[in-house]
Structure formats: structure tokens, C-alpha cells
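Subject: Structure handover

Hello,

Here is the structure I said I would pass on. Please open it first, then read the notes below beside it.

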Amino acid sequence: MPSTDRPTLPPNPRRADWRWQLRHTLRAADFGRAEIPAWPCRVTPYYASLADLSEPADPIALQFLPDPRETRPDGFGPDPFGEDGPAAVAPGIKQRFPDRLLAQLSLACAANCRHCTRRGLLGRARSARLEDLLGAIRARPAVREVLLSGGDPLLLPDDTLLEWVDALSALPQIEAIRLCTRTPVTLPMRWTLPLVRRLARGRRVWVQTQFNHPRELTEEAQDACARLVGHGIPVSNQSVLLRGVNDDPAVMTALCAALQRNRVRPYYVFVCDPIAGIGHFRTPPEAAPRLRKHLLTHLGGLACPRVVADLPGAPHKQDV
């Protein structure tokens, strides 16, 4: 459970720029926690400041503070989707579906989410190379979409990220470039006006993020989303259904409504993946169908996400 003592945060943790945030990243010891070497604690002062550390089950703190339950056997493996096996095209490049490729541009994130799907892989992963990705696309005419992921690609410098985006935008077969990033949640000041303007030029970029709780939609997060959609960059949200965080249907309803108010599409709610170390976040089998029914009853279609499971070996996301 989270410590009742708030760590001494650097001054103005919600106002400083993104480079300052990353230089002042907080670790487990800053919260009086023991580190879990297989998945170290890492969190920006901004995101840590959203947690109420006096509350033992705070839904924000649960997402970044190490928990001893992560080390208990839970029957899951580190790579159920075969990212290090059948899905691998080249180092850091994966293909699970015929029309899209995923490239890991970065192996780090602004916050190490405790429920991360790749928590067992990033420590031994390699970043993708642009020439390998371009070659893989040209060899696969059915590919029309590329997901730039990680880690988090938004931890790269602007010029590096834009080099990838510009190279992909120059390929006629690529119709959409997804930036898969949690920085609107954990590091919203990363979305500077110059970066957003440059990303918007090619009209191919979509941002895919992960808000899991209404309290994450702060003024700073709303400003980042407004900057993106205001420049013509669509933003969609993929929440993860997490025990103790957002498995109360009223909480998820409030989140989806808030996302719609900010012109962010509530796209998916994912059942927590079968990944080693996160079994304590998984909800009972009846939770997801109950949530789906509640959302359909309380939200209009534009605010209502699909509630799905991503199952190893399945040809597409499975409705629950």
C-alpha cells in the first residue's frame, strides 16, 4: 500500500517543462518503497503530484508505486503475444495484424506503469531502426498503418521523432501513423506548440493514449489534448480495466464523458492483459460485461468505448 508520507517533490511539479520533469524523475526510494528490480519505479513529479499518498488505495498511486504482489507467481508469462517470437519482423519491429506494423522507437517511458504489457520485455528489447522499418513496409504492400510505440516515442527529441514521421509520411502506402504514448497523461507539457504544428503538417498522425481515471484529466492534460485536436490531430483513448483504479462503472462513465468533452475519442477499454506481475490488477470475469452494459446504458455512442480483450493468437480484438 502507498506510504502515508508524501515525498518531497521538486518545486512546481505541475508547471515545469518536460525536460525538467524527466531530469527530476522519482524512484521507489522517494516514496519509501522497496524497488522491484525487474520493473523499476519511474514517475514524473507531475504525475506523482496527482496522487493522494495519504490514501492507501489511491487510484493514481496504484498505477506507479511498486507493489510486493508483483513478485508473486500469478500463472502468466512475460510475452503471451509473441513479440519476441512470431510477431518479430526485425529488432524492435513487430507485426501481429496484416495491415499494420509496430515499431519500438524508445525503451523508456515518463512513468513505468505497474500494469505495463511490455514490462517483462523492455529490459532486453532493442529499439527499431528507421531503415529496417521502411524496408519492412516496402516488403509488405498490405501495410497501411504504422504504430510508433515503445516505451514511449515522445521521450525522443523533436527532430528524431519528426525524422520518423516525415519518412513514413513520404510513403504513399502509409495512410495513418499512430503515436502510441501516455505522455498526455504523465507528461502533458511534452506537447509543445512547435512540435504539434510540425506533426500536423503531414496530416497522417493520430495520437493514441491511455487515460485510466478522471483525475488524470487535469488542466495540463486538457490543454495538451486541445492543442492536438485543435491542429487536426485526432486523439483516441485506450483505457485498461484495472482492479481498484477504474473497475467501478461510475468511474469509467465519468472518464468517458470527460474525454468526450475534451474531443478525445473513448476508443477501447481493454481487459487487463495476461502479463506476469500484474495479476492483482485483473478483474473477475463478470466485471467487463457488467461495465459494457453500464456504459451502453449511460453514455451516447460518441462517448461509449468498446470493451474488449486482446487475446494471444486471436485475429482481432474480442468484444466481452
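Seven strands each supply at least two residues to the lining of the largest pocket: β2 (93–97), β3 (100–104), β4 (145–149), β5 (176–180), β6 (205–209), β7 (235–241) and β8 (265–271). Please keep in mind that this is a predicted model.

The largest pocket

The space in the largest pocket comes to about 1,100 Å³. It is lined by 46 residues, and those closest to its centre are Thr117, Arg118, Ser149, Gln208 and Gln238. Sorted by class, the lining of the largest pocket holds 20 nonpolar, 14 polar and 12 charged residues.

The second largest pocket

The second largest pocket has about 150 Å³ of space. Which elements give two or more residues to its lining? They are β5, β6 and β8. The residues to look for along this pocket are Arg144, Glu145, Ala176, Arg178, Trp206, Gln208, Ser236, Arg265 and Tyr267. By class, 3 of them are nonpolar, 2 are polar and 4 are charged.

The strands form an open sheet of 10, in the order β1-β2-β3-β4-β5-β6-β7-β8-β9-β10, and the pairing is mixed. At the edges are β1 (88–90) and β10 (318–319), each of which pairs on one side only. Helix α4, residues 130–138, packs on this sheet and touches β1, β2, β3 and β4. The direction of α4 makes about 170 degrees with that of β3.

As background, the strands of a sheet pair through backbone hydrogen bonds, and the pairing can be parallel or antiparallel. In which sense do β6 and β7 pair? Their pairing is parallel, over 3 bridges.

Thr283 is found in the loop between β8 and α10 (287–298). Is Thr283 buried or exposed? Thr283 counts as buried because its relative accessibility is 17%, and buried means under 20%. Leaving aside residues up to four places away in sequence, Thr283 touches Leu241, Leu242, Arg243 and Asp247. Of these, Leu241 falls within β7 (235–241).

Regards

Definitions and conventions: Residues are numbered from 1 along each chain as its sequence is written. This is a predicted model: local features need pLDDT of at least 70, side-chain atom pairs count only at pLDDT 80 or more; totals for chains, interfaces and linings use all residues. Side-chain values use heavy atoms; hydrogens and water are left out. On a 1 Å grid over the protein atoms alone, a cavity is a set of points where a 1.4 Å probe fits but cannot get out, and a pocket is an open set with protein on both sides within 12 Å along at least five of seven lines; lining residues have an atom within 4 Å of a point. Grid points are joined across faces, edges and corners, and a volume is the space filled by probe spheres set on the points. Helices (H or I, at least four residues) and strands (E, at least two) are DSSP runs, numbered from the N terminus. Ala, Val, Leu, Ile, Met, Phe, Trp, Tyr, Cys and Pro count as nonpolar, Asp, Glu, Lys and Arg as charged, and the others, Gly among them, as polar. Two strands pair if DSSP finds at least two bridges between them. Contact means heavy atoms within 4.5 Å. Axes are lines fitted to C-alpha atoms, for helices over the stretch in contact, and angles run from 0 to 180 degrees between N-to-C directions. Buried means under 20% relative accessible area, exposed over 50%, partly exposed in between (1.4 Å probe, protein chains only).
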